[in-house]
Amino acid sequence: MILSCVIIEDEPLAADKLEGFISQTPFLKLSASFDNALDGLAFINGAQVDILFLDIQMEKLTGLQLLESLTKKPYVIITSAYSEYAIKGFDLQVSDYLLKPYSFERFLTAVNKIYDDIILKKSNDNPGHIFIKTEYRIENIAIDEILYIEGMQSYLQVALPDKKIITKQSFKSLITQLPQGKFIQVHKSWVVAVSKIESIERSRIKIANKLIPIGDTFKNAFYSAINNCSTK
């Protein structure tokens, strides 16, 4: 899935920086860039736009005035050198506020949050499946095929019967997509599919020849869930 982006920014250097960041992000595509809000407003109201990068202080029509004028609102990321507009921006339900000068890492945090939200919404529209974002594509995964999820420093590994998928989605965003009762976190770095558990011995779970530790913090909740399953 590629997200369509529009820039409204009257500072040429700031617009160039955003264009460069967008070009380095595989799931983003720049559809248009404007140096004034009036032209940008006309384009957004007539096109499919997923993310709007919006400056605040511009002549004729400010970024905040543009937000109030939109008939259909994409995800909005404000880019501004002035922090005093942040509260007003969030009152208008912007997704994020990038305070200039911002880094590529901070930019990625903002767009990844939007991407994860879109994936979650698509998953809710497609019961029995979830969408997992890898570096270059989106994988549509049947929930019943997931064996376990392992946290590995800055990324997650989702184990399926025939392959493993690497994603930088957070544990929180991924677990939110999974049906309650079918999956349980057993360690700070592990989530398992309850139906795929083959055996439990000495605080370790066996799934597909993989031994998964049960963390002390998660023991009581795990064994309580197992007991509930066995009494049904």
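Q: Is Asp96 buried or exposed?
A: Asp96 has a relative accessible area of 6%, and it therefore counts as buried (under 20% is buried, over 50% exposed and in between partly exposed, with a 1.4 Å probe and protein chains only). Keep in mind that this is a predicted model, in which local features need pLDDT of at least 70, side-chain atom pairs count only at pLDDT 80 or more, and totals for chains, interfaces and linings use all residues. Residues are numbered from 1 along each chain as its sequence is written, and side-chain values use heavy atoms, with hydrogens and water left out.

Q: And which strand does Asp96 lie in?
A: Asp96 belongs to strand β5, which covers residues 96-99; strands (E, at least two residues) and helices (H or I, at least four) are DSSP runs numbered from the N terminus.

Q: OK, what does the side chain of Asp96 make a polar contact with?
A: The partner is the side chain of Arg106, at 2.7 Å. A polar contact is a pair of N or O atoms within 3.5 Å, where within protein one must be able to donate a hydrogen and the other to accept it, and residues adjacent in sequence count only if both atoms are side-chain atoms.

Q: Switching to Phe107, where is its place, and is it buried or exposed?
A: Phe107 sits in helix α5 and is buried, because its relative accessible area is 0%.

Q: What about Glu59, buried or exposed?
A: Glu59 is exposed, because its relative accessible area is 69%, and its place is in the loop between β3 (51-54) and α3 (63-69). Along the chain Glu59 and Asp10 are 49 residues apart, while their C-alpha atoms are separated by 8.7 Å.

Q: Now helix α1, which residues are buried there?
A: In α1 the buried residues are Ala14, Ala15, Leu18, Phe21 and Ile22. They cover an arc of only 125° around the axis (taken from the directions from the helix axis to the C-beta atoms), so they are on the same side of α1.

Q: Then which exposed residues are on the face turned away from the buried side of α1?
A: That face carries Pro12, Leu13 and Ser23, which are exposed.
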